[in-house]
Structures are given as structure tokens and as C-alpha cells.
Amino acid sequence: MVYERDCFSDQSFAVQITLTSRDGSPSVIRQVVIGGRPAGPFGLAPKSHLSPWLSFCDGLRADLVGQTLQDGLHRVLDLCEWAEYLPSQRLADALRSVPLKKVKDARTPAWWHAQAALHAGAVTVAAQEYLNKADPEEPEEELEQGLLQNLVAGYLHLRNTVPLSAFPVTPAAGPPTRAASLVRTAEGLLADRLLTSNERRELLKSLCGLLDLKALAAMGDKPEVLLDLELTSRIPELRAFVLADHIRTMEQAYPRATDATDFRRSAVDLLTPPLSRDEDHALSECFSGTVKEPPNSLERVQAYSGETLHTDDSSSSSLSSSEDEETGDVYERFAVQFEVDGDSIDRIYIGSRPAAPAGRHATAWVVLCDHLRALLVGKNPAAVPALLDTARTTITTLAGRLNQQAVVAGFAPASASPSPDQMEEDTPEEGTTVLAVAQRAAVDYLTALNSLDGSIVDTGGTSPAAIEPKHRATLLSGEAAPTQLAGMLDPRALAWKVGRGRIAFRIALHLHLMNTAYRAVIPLLSPECFAALLVPVEIRVDMQVAIAQDVIQALDPQQAFSPDAYAQAADRYSHDKAVQAKAKAKTKPGMVDDDADYRPSLDSDDGGSSYSSSS
């Protein structure tokens, strides 16, 4: 099988490493930011991890933070080798290689695992080849940072597709917030003191609570979803393999906590229902013979004197302080990762989204990301800050032409400079790499773009994000129509509680982003495109014409615009949509328009607006 590089989405997962250095010493890893999640045994479909995803990430951070880049490469190579010895890897050959009848995607658990293994193998070879010739006294930090980011991503892809790592459960289980928070707090406390007997009991209960028993039960009921039953006689041993994987994952991620609770022996006593005799025998076999211990051993952690993942938690005096702690920022953060080939950026991975108020994107988030890629792919990382400053200036100028300067307040290039507090807390010190600075600039740019007034609009509903991947695929192929242009814009968020000027800016920004992201694959200023954007908003035709004229004046004053041509295009669009709706109603009777209760009505051409309900 050949590794298909594009099988893993560039829009769902990224690893970004930040560095720090003091007194001219080699840079050390300050932070490992893991955005989103990679594909698992069922691709990117919703699923439950039997051991939580955050524990994979915690184990990586505990092993990397405070280390030099070369040491980090050695450590992740150890982790990749360790993952191959997880008990469930014995079932790799039994992973299902035939699609399920109800699953549209023909890519099977066996295929996903094989692709992840090939990916991990490729980045492992690259890292090992570099280390074989590297000079520890003269590290090439620019190259090492890129290699380490790729290696971490490859390891997590592999770890996430290990047989029995995840199973589809509806609804998918969320993060075990309380248990995870307590375990992480205890890991920090144990660096300074012993736990009381009550704290040890609570910690042991939480370590066992990180195993998703619902997913485990579902796997036992329908193992054929993941495994080819004709190729394995080990189905009675599934629970033993899962428990062994969980114990070893906890030992790697939380070495102090598992040592303090004698977790390997004690976990079996807390499992409900208890293991059968055959399962208990299978579990014993998993830990007998040549068992490869986790590379993040307790001795390694005790010898480590730098910053750790658990520093923030270790300031707590007791486990009770962890009760209400949120772990969302731990297992899912926003990250931008550049893959560099020679002197230029070859690919940009973006994981998760920056923090922003709840609501719907007027322009789809993926358009913002593709806009960034179009600006930077093929460019030298050293040029990234200047390129993004230029992009900021372009957008602020566009807002000024539409008298919407307040919308972009703080977005101008000067605002990209961190505040004194940020400089003290976040900015890497002397010794950082060009790659780190470039990635940080990209994070700042997307965060600022995502925070523009109107970028996210709280309409009280969910966005129509399900159709975005289909439209994006068409746009990236170079074949598109006004349908794709409008499909990446949410009409309900477009005009939510704003008037003509703000709507014009949102459309102008949308067209600007689409133009840079997809290289003008559609005539963006045509009457057909404006009809696709404005008719769904359901405002008066004269207001639609005025907004279209405002947008054209802001983007291309030389472009001609005919109100009559627009009116004809709007009529055609409305007629086509009516025909499509009628056909859809025949195939799915009783379907209700989710947005039917909200119909914006603009009665003034200034900044004000008024709304009426269709009910």
C-alpha cells in the first residue's frame, strides 16, 4: 500500500511547537499545541475514544516540554516504537477490510490504520536520518522544529488508529472533565508531596473513570463494526486488550499518578463487570514476557526539573480544587502547522478554531483558512509576518471604503504587536526559530480575522456547515458556480441585526476572501453571484441593488453594474430555488425550513434595521 498524503485533512488537525531560550543556550520546547484530532479507525467520523484523546496529548506534553528539539525527536521516536507494542496492535491484521453496508465511505478501519502506520513510518525515517548525522553541539533548530512537529503528528495519527482505540457510539462521549481534571491535578501535586489515603482512592477511581465503559460495551456487542470476525479468535479477549491498552496509556501520560496508586494491579479490581477467567488470563499475558515499558518512565519524570504540563495544576493544595476545572483547552486547542520543503511553505495544517463568541460564521471558517493558505503556501517562512501585515491592511482599507472602520478596530498591522503583558508571558525569548515566528503570526492573523465584528454572529441557531466540504471540494478543483460562492456564506448570519453598510462589508469581505482563497474561479461581481448572495437574505430588491453597488464600488469601481441585469438574475435564482424546493418536498414530505421563523426585513438604508417574524 502507498501512503496517500492527502487522506488526512489539512483542516482538522495540526501540531504547533513553541520554543524558548535563555542566556544563549539552545532553545527548549515551551509548549506543544495540539489543535483538533487526526483521523481514527473510522476516519473523521464521530467516535468515542476508550482512553480519552487528551491522555494521548498529555503524555506527549509531559515527555517534551522543557526538552531540546533533538531530545524531543529521540523521545517521540521512542513513543512511536512503544505504540507498536500496545496489546491491541495484535489485532491489526484483523481490522475490518470490507466497508459496512451503511457506511458510505469505502475506506475501512484497516485502511485508516495502514495509512497512519505509513505516515508514522515516513516521518520516523526522516527524523532518524537527521539524527544520524546531526551534531548535538550545533543543532539546526529550524529544521528540527519542522521535523518534530511532523513526527508528533505522525505519532498521534498512529496512536489514534491503534485497534480498539476508538469505537463509534451515538452520541459520542464527551471528555471526562471531572476525572481528567483530578488526574492532572494529582500528577502536579505528586511532584511536591504524597497523597493522603482518601486522595489516592479518589485518584484511582478517576484513572479508571477515564476508560469509556459505554464504548467498551458497544464494542463487545458489535465487534464486527471494527474487526473481521473470521480473522480472529480473540473476541473474548477484547476487554482484556482494551484494559491493558488503557493501563499502559495512563502509565505513559501520568507516571506519578499511576505509580502512587499501583494502577496496574488496582485497575482490574474496579472494572465493572469484573473480568472473566479467560479475560484475566489474557490480561496477564499482555504484561508478561517482553513488555515494552512506556518511554515516559517515572525515573525520567523525577529527573526532569523544568516546566511540565501540570505546572498550573500543581499550585493546588488538594484534589478538591480540580472539581470544576475545564479541560477543553487541554485536549483541543487552536494550532497552525507549516510543513516546509526547502525554503518555502509546502502545506499548512489548521487544527480546531480560535476561541470566539458562540454563533455562526457569516463566511465559512474554512474559507478563512484557505485564504491563509493561498497567501502563504510557496512563500518563505521569513516573509510571513510582512505578508500578513499586508493582508490586514487590505481588509482595513476595504472597511474604510464602506465607512465600517469600527468593524476592523484593532485589526490593523500595528495591533499585531503583543502587549507588554503578552510579551512577558507568551513571546519566545532569544533563540526562537523563523518557523515559530511565522506560525505564531498565522495564529494571530486567523484569530483576529475570526474575531472581526460580524465574523461570528449569534443567531441562536446552528450554521449550515454540513454542505461546506462539498462546496470546498468543488472550489479547490477549479470548477465552481454561484452556488459554491453562496454556499460558503450563511445568509441568516449575513444580515443579523445590521443594516445596509454592515451587510455590504460582510459581502465585500466574503468576496475578497473567496477571491484570494480560490483564485477567482468564479466571476465574483456578476449579477448571478450577487443574486445568489442577496436573494436568500429576503430584503427589498432596491436594497439588494444598493448593497451590490456599494460592494462593487469598494472592490472594483471600474466594474459596471446593471440593476436590470441584477433583477433578471434575481428572478432566475428565485425561480430555480422554488423548483428545487418543490422537488425536494416531493421526495421528503413534511420537511421544515429551519430558518423559517426568522426573516430579516430592512426598511432603512442607513445603519439601522428592523425585523419581523414570519409567524
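R239 and E279 form a salt bridge, with their closest N and O atoms 3.1 Å apart; the term covers a side-chain nitrogen of Lys or Arg within 4 Å of a carboxyl oxygen of Asp or Glu. Because R239 sits in helix 8 (residues 238-253) and E279 in helix 11 (residues 277-286), the pair ties together parts that are 40 residues apart in sequence. Helices here are DSSP runs of H or I with at least four residues, numbered from the N terminus. Both R239 and E279 are buried, where buried is under 20% relative accessible area, exposed is over 50% and partly exposed is in between (1.4 Å probe, protein chains only).

A word on what you are looking at: this is a predicted model, in which local features need pLDDT of at least 70, side-chain atom pairs count only at pLDDT 80 or more, and totals for chains, interfaces and linings use all residues. Residues are numbered from 1 along each chain as its sequence is written, and side-chain values use heavy atoms, without hydrogens and water.

Helix 8 also holds E251, the partner of R264 in helix 10 (residues 263-270), 13 residues apart. E251 counts as buried at 13% relative accessibility, while R264 is partly exposed at 26%.

Next, look at R265, which forms a salt bridge with D262 at 2.7 Å between the closest N and O atoms. R265 is exposed, with a relative accessible area of 54%, and D262 is partly exposed at 37%. Elsewhere, salt bridges that share partners join D58, R61 and R184 into one network. The structure holds 13 salt bridges.

Note on methods:
Helix = DSSP H or I, 4+ residues; strand = E, 2+ residues; numbered from the N terminus.
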